[in-house]
Amino acid sequence: MLSIALNIKDRPVTIVGGGSVALRKFKTLLSEGAKLTVVAKDFIDGFACEGANLIKGVYKKEYIEGALLVFIATDDEELNDRVARDAKELGILYNRCDKKDDSEFHSINMKKLGGIDISISTGGRLPDLNKTIMDQMQSYAVYDDEFLDLASKLRECYIKCHRQDEIKKIKTYSKEEILSYIKEFEDFETKGGNEDK
(Lines give C-alpha, C1' and ligand atoms only; values in the text may rest on other atoms or scores of the structure.)
Protein backbone atom coordinates (compact mmCIF):
# COMPACT_ATOMS: atom_id res chain seq x y z
CA MET A 1 0.00 0.00 0.00
CA LEU A 2 1.16 3.51 -0.80
CA SER A 3 0.49 6.08 1.93
CA ILE A 4 -0.43 9.51 0.58
CA ALA A 5 -2.19 12.61 1.87
CA LEU A 6 -4.88 13.38 -0.70
CA ASN A 7 -6.36 16.84 -1.11
CA ILE A 8 -10.07 16.20 -1.71
CA LYS A 9 -11.28 19.78 -1.36
CA ASP A 10 -14.02 20.35 -3.95
CA ARG A 11 -13.42 16.88 -5.42
CA PRO A 12 -16.39 14.53 -5.95
CA VAL A 13 -16.62 11.71 -3.41
CA THR A 14 -19.54 9.30 -3.06
CA ILE A 15 -20.61 7.32 -0.02
CA VAL A 16 -23.01 4.41 -0.47
CA GLY A 17 -24.75 3.80 2.85
CA GLY A 18 -26.62 5.78 5.45
CA GLY A 19 -25.71 4.15 8.78
CA SER A 20 -23.22 4.91 11.54
CA VAL A 21 -20.11 3.85 9.58
CA ALA A 22 -21.19 5.96 6.61
CA LEU A 23 -21.86 8.89 8.96
CA ARG A 24 -18.31 8.75 10.35
CA LYS A 25 -16.93 8.84 6.81
CA PHE A 26 -19.38 11.63 5.94
CA LYS A 27 -18.21 13.88 8.80
CA THR A 28 -14.53 13.36 7.99
CA LEU A 29 -14.96 13.96 4.26
CA LEU A 30 -17.16 16.99 4.88
CA SER A 31 -14.52 18.53 7.16
CA GLU A 32 -11.97 18.09 4.35
CA GLY A 33 -14.18 19.98 1.90
CA ALA A 34 -15.12 17.11 -0.40
CA LYS A 35 -18.01 17.56 -2.81
CA LEU A 36 -20.13 14.80 -1.29
CA THR A 37 -22.88 12.59 -2.63
CA VAL A 38 -24.41 10.05 -0.26
CA VAL A 39 -26.74 7.33 -1.51
CA ALA A 40 -28.90 5.23 0.83
CA LYS A 41 -32.40 3.87 1.25
CA ASP A 42 -32.49 5.46 4.71
CA PHE A 43 -30.28 7.85 6.67
CA ILE A 44 -29.68 7.97 10.42
CA ASP A 45 -29.69 11.39 12.08
CA GLY A 46 -26.65 13.53 11.37
CA PHE A 47 -26.49 13.52 7.59
CA ALA A 48 -28.46 16.70 6.97
CA CYS A 49 -26.04 19.32 5.71
CA GLU A 50 -25.79 22.10 3.17
CA GLY A 51 -23.32 21.34 0.43
CA ALA A 52 -23.87 17.56 0.42
CA ASN A 53 -26.10 15.79 -2.08
CA LEU A 54 -28.21 13.19 -0.24
CA ILE A 55 -29.95 10.71 -2.49
CA LYS A 56 -32.61 8.69 -0.68
CA GLY A 57 -33.35 5.67 -2.81
CA VAL A 58 -32.02 2.54 -4.45
CA TYR A 59 -28.37 2.59 -5.57
CA LYS A 60 -27.67 3.09 -9.28
CA LYS A 61 -24.30 2.95 -11.02
CA GLU A 62 -24.80 6.49 -12.31
CA TYR A 63 -24.57 7.80 -8.72
CA ILE A 64 -20.86 7.02 -8.54
CA GLU A 65 -19.92 8.12 -12.07
CA GLY A 66 -17.32 10.88 -12.02
CA ALA A 67 -16.37 10.33 -8.37
CA LEU A 68 -12.73 10.47 -7.34
CA LEU A 69 -13.36 8.03 -4.47
CA VAL A 70 -16.22 5.78 -3.39
CA PHE A 71 -16.81 4.61 0.17
CA ILE A 72 -19.00 1.51 0.36
CA ALA A 73 -20.62 1.37 3.78
CA THR A 74 -23.86 -0.63 3.73
CA ASP A 75 -24.77 -3.79 5.66
CA ASP A 76 -25.88 -5.46 2.42
CA GLU A 77 -22.99 -7.62 1.15
CA GLU A 78 -24.61 -8.19 -2.24
CA LEU A 79 -25.03 -4.45 -2.76
CA ASN A 80 -21.46 -3.81 -1.60
CA ASP A 81 -20.22 -6.37 -4.16
CA ARG A 82 -22.17 -4.61 -6.89
CA VAL A 83 -20.87 -1.14 -6.00
CA ALA A 84 -17.30 -2.48 -5.91
CA ARG A 85 -17.75 -4.04 -9.37
CA ASP A 86 -19.20 -0.81 -10.73
CA ALA A 87 -16.35 1.24 -9.27
CA LYS A 88 -13.79 -1.10 -10.84
CA GLU A 89 -15.49 -0.85 -14.23
CA LEU A 90 -15.51 2.95 -13.99
CA GLY A 91 -11.88 3.13 -12.80
CA ILE A 92 -12.84 4.69 -9.47
CA LEU A 93 -10.87 3.94 -6.30
CA TYR A 94 -13.13 2.42 -3.65
CA ASN A 95 -13.06 1.49 0.01
CA ARG A 96 -15.27 -1.30 1.31
CA CYS A 97 -15.95 -0.80 4.98
CA ASP A 98 -17.07 -4.43 5.34
CA LYS A 99 -14.13 -6.11 3.55
CA LYS A 100 -10.74 -4.48 3.95
CA ASP A 101 -9.16 -7.08 1.64
CA ASP A 102 -11.49 -6.03 -1.19
CA SER A 103 -10.62 -2.35 -0.93
CA GLU A 104 -8.36 -0.34 -3.18
CA PHE A 105 -7.45 2.06 -0.38
CA HIS A 106 -7.83 2.42 3.39
CA SER A 107 -8.60 5.58 5.33
CA ILE A 108 -5.69 6.56 7.51
CA ASN A 109 -6.34 8.37 10.77
CA MET A 110 -4.64 11.73 10.33
CA LYS A 111 -4.26 14.35 13.00
CA LYS A 112 -2.45 17.65 13.33
CA LEU A 113 -0.40 17.87 16.51
CA GLY A 114 1.10 21.32 16.72
CA GLY A 115 2.79 21.73 13.35
CA ILE A 116 3.12 18.01 12.66
CA ASP A 117 0.76 15.94 10.52
CA ILE A 118 0.63 12.39 11.91
CA SER A 119 -1.10 9.48 10.24
CA ILE A 120 -1.58 5.96 11.58
CA SER A 121 -3.31 2.93 10.12
CA THR A 122 -4.03 -0.60 11.25
CA GLY A 123 -5.04 -1.37 7.67
CA GLY A 124 -8.69 -1.36 8.67
CA ARG A 125 -8.19 -4.22 11.16
CA LEU A 126 -8.61 -2.28 14.43
CA PRO A 127 -9.51 1.37 13.78
CA ASP A 128 -10.01 2.14 17.48
CA LEU A 129 -6.31 1.44 18.08
CA ASN A 130 -5.50 4.36 15.76
CA LYS A 131 -7.23 6.75 18.16
CA THR A 132 -5.49 5.28 21.20
CA ILE A 133 -2.07 5.76 19.60
CA MET A 134 -2.96 9.30 18.51
CA ASP A 135 -3.99 10.19 22.07
CA GLN A 136 -0.63 8.94 23.34
CA MET A 137 1.22 11.27 20.95
CA GLN A 138 -0.10 14.51 22.45
CA SER A 139 3.35 15.42 23.80
CA TYR A 140 4.47 16.23 20.24
CA ALA A 141 2.02 19.14 20.08
CA VAL A 142 4.83 21.35 21.47
CA TYR A 143 6.32 21.30 17.97
CA ASP A 144 3.93 23.93 16.67
CA ASP A 145 4.19 25.79 13.36
CA GLU A 146 6.25 28.62 14.88
CA PHE A 147 8.76 26.14 16.35
CA LEU A 148 9.06 24.24 13.06
CA ASP A 149 9.52 27.43 11.02
CA LEU A 150 12.31 28.57 13.36
CA ALA A 151 13.86 25.09 13.42
CA SER A 152 13.87 25.02 9.61
CA LYS A 153 15.65 28.37 9.51
CA LEU A 154 18.29 27.21 12.01
CA ARG A 155 18.74 23.98 10.05
CA GLU A 156 19.50 26.04 6.92
CA CYS A 157 22.09 28.03 8.91
CA TYR A 158 23.79 24.82 10.05
CA ILE A 159 23.84 23.45 6.49
CA LYS A 160 25.24 26.71 5.13
CA CYS A 161 28.03 26.66 7.70
CA HIS A 162 28.78 22.94 7.18
CA ARG A 163 27.63 22.00 10.68
CA GLN A 164 25.16 19.22 9.77
CA ASP A 165 26.18 17.30 12.91
CA GLU A 166 24.32 19.97 14.94
CA ILE A 167 21.00 19.44 13.16
CA LYS A 168 19.89 16.49 15.32
CA LYS A 169 20.06 18.70 18.42
CA ILE A 170 17.53 21.24 17.12
CA LYS A 171 14.49 19.26 18.30
CA THR A 172 15.75 19.56 21.90
CA TYR A 173 16.03 23.37 21.81
CA SER A 174 13.41 25.80 23.04
CA LYS A 175 12.12 28.49 20.70
CA GLU A 176 14.19 31.04 22.61
CA GLU A 177 17.38 29.00 22.12
CA ILE A 178 16.68 28.62 18.42
CA LEU A 179 16.12 32.37 18.05
CA SER A 180 19.37 33.00 19.91
CA TYR A 181 21.37 30.68 17.62
CA ILE A 182 19.80 32.21 14.50
CA LYS A 183 20.74 35.67 15.76
CA GLU A 184 24.33 34.51 16.28
CA PHE A 185 24.49 33.30 12.69
CA GLU A 186 22.94 36.52 11.37
CA ASP A 187 25.36 38.67 13.42
CA PHE A 188 28.26 36.55 12.21
CA GLU A 189 27.23 37.04 8.57
CA THR A 190 26.65 40.78 9.08
CA LYS A 191 30.23 41.10 10.32
CA GLY A 192 31.44 39.27 7.21
CA GLY A 193 32.42 36.08 9.02
CA ASN A 194 33.97 33.15 7.28
CA GLU A 195 31.26 30.53 6.79
CA ASP A 196 33.77 27.70 6.90
CA LYS A 197 34.85 28.43 10.47
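**The helix and its core**

Reply: Happy to. In the largest nonpolar core, which has 16 residues, the members that touch the most others are V13, I15, F26, L29, L36 and F71. At least two residues of this core come from each of β1, α1, β2 and β4. The biggest contribution is that of α1, which gives four residues. Please keep in mind that this is a predicted model.

Apart from that core lies another one, of 14 residues, with V16, I55, I64 and A67 among them.

Helix α1 runs over residues 20-31, and its 12 residues should span 16 Å at 1.5 Å a residue; the C-alpha atoms at its ends are 17 Å apart, which agrees. Its buried residues are A22, L23, K25, F26 and L29. Looking down the axis of α1, you find these buried residues within an arc of 165°, so they line one face of the helix.

What lies over the buried face? The cover for the buried residues of α1 includes β1 (12-16), β2 (35-40), β3 (53-56), β4 (69-72) and β5 (93-96).

F26 deserves a look of its own. This residue is buried in α1, and it is one of the core members that touch the most others. Leaving out residues up to four places away in sequence, F26 touches I15, L36, V38, G46, F47, C49, A52 and L54.

One more stop, if you have the model open: S103, in the loop between β5 and β6 (109-113). Since buried means under 20% relative accessible area, S103 counts as buried at 14%. Its side chain makes two approaches to backbone atoms: the side chain of S103 reaches the backbone nitrogen of R96 at 2.8 Å, and the backbone oxygen of K99 at 3.2 Å. Setting aside residues up to four places away in sequence, S103 touches Y94, N95 and R96. That brings us back to β5, which spans 93-96 and is among the strands covering the buried residues of α1.

Note on methods: Residues numbered from 1 in each chain as written. Predicted model: local features only at pLDDT ≥ 70, side-chain atom pairs only at ≥ 80, totals over all residues. Heavy atoms only, no water. Expected span 1.5 Å × (residues − 1). Buried < 20%, exposed > 50% of the residue type's maximum accessible area, 1.4 Å probe, protein only. Arc of directions from axis to C-beta. Contact = heavy atoms within 4.5 Å. Core = buried A, V, L, I, M, F, W, Y, C linked by side-chain atoms within 4.5 Å. Polar contact = N/O pair within 3.5 Å; in protein donor to acceptor, adjacent residues only side chain to side chain.
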